[in-house]
Amino acid sequence: MIRAVVFDLDDTLIDTSGELVAPAHREAAAAMIAAGLEASLEEVAEKRIDFAKAAPVEEVDLRVAAFFGAGPEVAAAGHKAYFGRRVASLDPFPFVPGVLRSLGSRTLLLVTAGFEATQRKKLELAGLAGFFEQAEVVPVGGGQGGGHRAAAARASHRLLGGGGRGRPAGRRDRGGAAAR
């Protein structure tokens with residue numbers, strides 16, 4: 001019997017990649033160009049996305065600026081635009097509220113990786129905070145080794161009381177949620 005379900009937030013409950021990340025990369029690219037970087041918006045946005053896949057988030061703008069031969073003031077403009085972006089609303093995937101309601105008396109838990117304030121704001125803007133008994137935000141670096149996916153697995157295990165078996169319940173193959 002399933003007593004608890006642990007969900008991930010990003011790209012499981014909300015379309016983070018499509019609704020937040022892609023537009024933020026374009027806005028940061030535009031800010032870098034406005035600060036003096038000489039390249040097209042498409043080139044800079046594409047390079048930001050490439051670096052974001054492999055580099056720590058705090059290094060992306062510095063790497064993009066260096067790649068295009070620009071200085072730290074250009075990197076600072078990109079960083080400010082990316083992290084200072086204001087979002088007024090955020091919709092969950094259309095099926096999410098119904099699925100969460102259908103889980104009835106089961107305990108719903110959330111484990112998500114990112115910056116604490118950002119993740120909590122996304123949960124609030126999507127109108128999903130009230131569905132979860134507990135929400136734990138794992139730092140992107142993940143702390144103890146193994147990265148944020150390993151830290152999320154440890155947090156899920158802790159929230160589930162340290163026992164039981166889990167299986168993926170998220171939309172993605174990796175880093176999704178677990179059910180017990």
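Tutor: Rings of Phe, Tyr and Trp (its six-membered ring) pair if their centres lie within 6.5 Å; planes under 30 degrees apart count as stacked, over 60 as edge-to-face and the rest as tilted. Mind that this is a predicted model: local features need pLDDT of at least 70, side-chain atom pairs count only at pLDDT 80 or more, and totals for chains, interfaces and linings use all residues. Residues are numbered from 1 along each chain as its sequence is written, and side-chain values use heavy atoms, with hydrogens and water left out.

Student: How many aromatic pairs does the rule give?

Tutor: Applying that ring rule, the count is six.

Student: What kind of pair do Phe 51 and Phe 67 make?

Tutor: Their ring centres are 6.2 Å apart. The planes meet at 70°, so the pair is edge-to-face.

Student: Is Phe 67 exposed, buried or partly exposed?

Tutor: Buried means under 20% relative accessible area, exposed over 50%, partly exposed in between (1.4 Å probe, protein chains only). Phe 67 has 49% relative accessibility, so it counts as partly exposed.

Student: Where does the charged end of Lys 47 sit?

Tutor: A charge sits over a ring if NZ of Lys or CZ of Arg is within 6 Å of the ring centre and within 35 degrees of the ring normal. Lys 47 has its charged end over the ring of Phe 51, 5.6 Å from the centre. That charged end also sits 4.2 Å from the ring centre of Phe 67, over the ring of Phe 67.
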